[in-house]
Amino acid sequence: MADEAEEARSGGRQSGEGRAGSAGRHVAPGDRGRTTIADGVVEKIAGLAARDVPGVHAMGGGMARTLGAVRDRVPGDSRSRSSVTRGVKAEVGEVQCALDLDLVVDYGFAIADLASEVRQSVIAAVERMTGLEVVEVNIAVDDVKLPDEEDEEGDGRTIR
């Protein structure tokens, strides 16, 4: 180590020799390690971005929403935070990702337009926050929330 420091001070190494960052060569900070992004991180980002679109009533299929509503009521259950990712599945690679979303839409919204808005919102959020290229966002509309229907939880609250 002392020999390397002495060589760097005296210019003993030629440009390009030895470790990154040695004399005569600058290495960008982004080239000094690797960043990995877990599927769950992308799922949370996508879930929040989708829920922000007006007309998205809830995420997830019927059974997932029912089980999630029951789990959310259990005090101290750390899995209740998973409601953010309910209805979202991500496959993350090194530079790209693909997403599958399950939605319940509010009655009166044009489903094709809503799906397009959700897709745009999710792609923008995921690409901005992660730097990953979103190659596809598949959307399945599982249900339509009618104005006079009670929510899955049965207490009139909107499931988000």
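Hi everyone. Before I start, one definition: a helix axis here is a line fitted to C-alpha atoms over the stretch in contact, and angles run from 0 to 180 degrees between N-to-C directions. Keep in mind that this is a predicted model.

Let's begin with a helix pair. Helix 2, residues 39-51, and helix 4, residues 111-130, have axes that come within 8 Å and cross at roughly 140°. That angle is why helix 2 counts as oblique to helix 4. The crossing is right-handed.

So who touches whom? On helix 2, the contact uses Val-42, Ile-45, Ala-46, Ala-49 and Ala-50. Helix 4 brings Val-118, Ser-121, Val-122, Ala-125, Val-126, Met-129 and Thr-130. By class, that contact has ten nonpolar residues, two polar and no charged.

Now to the pocket. The largest one holds about 210 Å³ of space. Its lining takes in Arg-34, Thr-35, Thr-36 and Ile-37, then Val-92, Gly-93, Glu-94 and Val-95, and finally Thr-130, Gly-131 and Leu-132. Here the classes come out as four nonpolar, five polar and two charged. Thanks, everyone!

Methods
Residues numbered from 1 in each chain as written. Predicted model: local features only at pLDDT ≥ 70, side-chain atom pairs only at ≥ 80, totals over all residues. Heavy atoms only, no water. Helix = DSSP H or I, 4+ residues; strand = E, 2+ residues; numbered from the N terminus. Parallel < 35°, antiparallel > 145°, perpendicular 65-115°, else oblique. Left-handed = near helix turned anticlockwise from the far one by under 90°. Contact = heavy atoms within 4.5 Å. Nonpolar A, V, L, I, M, F, W, Y, C, P; charged D, E, K, R; others polar. 1 Å grid on protein atoms, 1.4 Å probe; cavity = no way out; pocket = protein on both sides within 12 Å on 5 of 7 lines; lining within 4 Å. Points joined across faces, edges and corners; volume = space filled by probe spheres on them.
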